[in-house]
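These are my notebook entries on one protein structure. I looked up its charged contacts and then its surface.

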Amino acid sequence: MRISELAERAGVSTRTLRYYEARGLLSAPRAANGYRVYDDADLEVVRQIRTLQGSGFGLEETRPFVECLRAGHPRGDSCPDSLDVYRRKLAEIDALMERLRAVRAEVSERLLRSATEPKCHLGG
């Protein structure tokens, strides 16, 4: 399939596909006329990238999943490097959640403290 068809089927722009190619995440041989030629495996790669990005993974974090698919695994998350990325992402999420809990506790404490102080009346 041509790049325009892949873009349409994957729900991305041709510019995005070219960017993935420039980053080494997608590759396609060229036909005699110079057009890129993609197949269903490339569609799966793009879908994997988009799914991971939709879950907060950076583009470079998708690389092990792409390599796993290219190695012939039906799922990009069945290889050790992919599992390592999942583990790192979970640790990152846990750290962010802990930070959010601390910020929430601080804001809650300030609200409670402010509610017991005299009210401020501005303007009048």
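How many residues apart in helix α5 are E109 and R113, and about how many helical turns separate them? I note at the outset that the model is a predicted one.

**Entry 1: E109 and R113.** I found that E109 and R113 are four residues apart in helix α5, a separation of about one helical turn. Their side chains meet in a salt bridge, with 3.4 Å from N to O. I then looked up the accessibility of R113, which is partly exposed at 40% relative accessibility.

**Entry 2: E98 and R101.** The side chains of E98 and R101 form a salt bridge at 3.1 Å, N to O. I recorded E98 as partly exposed, with a relative accessible area of 48%. R101 is partly exposed as well, at 45%.

**Entry 3: E21 and R36.** Which parts of the chain does the pair E21 and R36 tie together? I first confirmed the contact itself: the two side chains meet in a salt bridge of 2.8 Å, N to O. E21 lies in helix α2 (residues 14–22), whereas R36 lies in the loop between α2 and α3 (40–54), so the pair ties together parts that are 15 residues apart in sequence.

Is R36 buried or exposed? I found a relative accessibility of 17% for R36, which therefore counts as buried, because the cut-off for buried is under 20%. E21 has a relative accessible area of 22% and is partly exposed.

**Entry 4: the network and the count.** I also looked for salt bridges that join up, and noted that E5, R9 and D40 are linked in a network. For the whole model I recorded a count of twelve salt bridges.

**Entry 5: a nonpolar patch.** Which residues form a nonpolar patch on the surface? I found L90, I93 and M97, which together have about 260 Å² of accessible area. I then examined L90, which is found in helix α5 (residues 80–116). L90 has a relative accessible area of 52%, so this residue counts as exposed, the cut-off being over 50%.

Definitions and conventions. Residues numbered from 1 in each chain as written. Predicted model: local features only at pLDDT ≥ 70, side-chain atom pairs only at ≥ 80, totals over all residues. Heavy atoms only, no water. Patch = residues over 30% accessible without salt bridge, like charges linked within 9 Å, V, L, I, M, F, W, Y side chains within 5 Å. Areas by Shrake-Rupley, 256 points an atom, 1.4 Å probe, with all protein chains shown as cover. Salt bridge = Lys/Arg side-chain N within 4 Å of Asp/Glu carboxyl O. Helix = DSSP H or I, 4+ residues; strand = E, 2+ residues; numbered from the N terminus. Buried < 20%, exposed > 50% of the residue type's maximum accessible area, 1.4 Å probe, protein only.
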